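Here is a brief tour of one protein model. Keep the sequence and the 3D view at hand as you read.

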Amino acid sequence: MPYRLLNRFAQRYLVRGTTPLPVVDGPGADPVYTADWLLEEAEMRGTYHLIEASDRRRVLLLDSGRLVFDEMPLPGSGCWSLLPVGDGSEYQYVVSATDPQMALSVEVGEDSAAAVLDLVMRRGRDRDAMWLVGQGSVADARSIHLRYQTSTGLTLLYNEVYPEQA
């Protein structure tokens with residue numbers, strides 16, 4: 001079943017971008033291919049693979065402290081563990097299976113004026129490392145009908161809807 005990862009700090013999703021790594025942003029034009037992931041339990045108990053839903057051969061890995069997006073690792077190894085935040089919410093930390101102190105986090109990039117968010121591994125757990133790991137695909141809510149009263153003189157209206165629950 002597909003999952004969506006929403007970061008609490010940024011209130012943005014972990015999406016598949018055109019860059020070598022996923023980015024933290026709003027889902028793209030086709031949310032099924034940009035915001036859906038497969039969270040597959042590995043053979044090692046309590047560990048998971050975070051797999052791109054549109055290309056199940058590619059997973060998010062931690063390699064010598066760096067995030068890489070590559071082919072599925074060898075069987076028997078899980079890359080990630082999920083730890084409950086413990087504040088009564090449904091948020092969880094996505095941490096390294098081999099070093100639970102290293103958490104998947106977002107941080108404001110160097111171009112803070114453009115509000116660029118980078119995906120990083122950081123020691124310690126805070127709001128930047130809290131993820132809502134939600135089941136279900138946004139593809140289930142493709143038929144949404146909205147009606148607006150328009151004012152005279154309106155030439156263009158553009159709207160996007162990203163349902164959080166289907």
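Leu157 counts as exposed because its relative accessibility is 55%. Exposed means over 50% relative accessible area, buried means under 20%, and partly exposed is in between (1.4 Å probe, protein chains only). This is a predicted model, where local features need pLDDT of at least 70, side-chain atom pairs count only at pLDDT 80 or more, and totals for chains, interfaces and linings use all residues. Residues are numbered from 1 along each chain as its sequence is written, and side-chain values use heavy atoms, with hydrogens and water left out.

Leu157 lies in the segment after strand S12 (130–135). Strands are DSSP runs of E with at least two residues, numbered from the N terminus.

| Residue | Relative accessibility | Class |
|---|---|---|
| Leu157 | 55% | exposed |
| Gln11 | 46% | partly exposed |
| Ser105 | 0% | buried |

Gln11 sits in the loop between strand S1 (2–7) and strand S2 (12–15). Its phi is near 50 degrees, a positive value in a residue other than glycine. Most residues other than glycine have a negative phi.

Ser105 belongs to strand S10 (residues 102–108). Its side chain reaches the backbone oxygen of Ala103 at 3.3 Å. Beyond its neighbours within four places in sequence, Ser105 is in contact (heavy atoms within 4.5 Å) with residues including Asp118, Leu119 and Asp128.

Strand S8 (residues 80–84) and strand S9 (residues 91–96) pair in the antiparallel sense over 5 bridges. Pairing takes at least two DSSP bridges between two strands. Trp80 has Ser96 in S9 as its bridge partner.

Terms used: Helix = DSSP H or I, 4+ residues; strand = E, 2+ residues; numbered from the N terminus. Polar contact = N/O pair within 3.5 Å; in protein donor to acceptor, adjacent residues only side chain to side chain.
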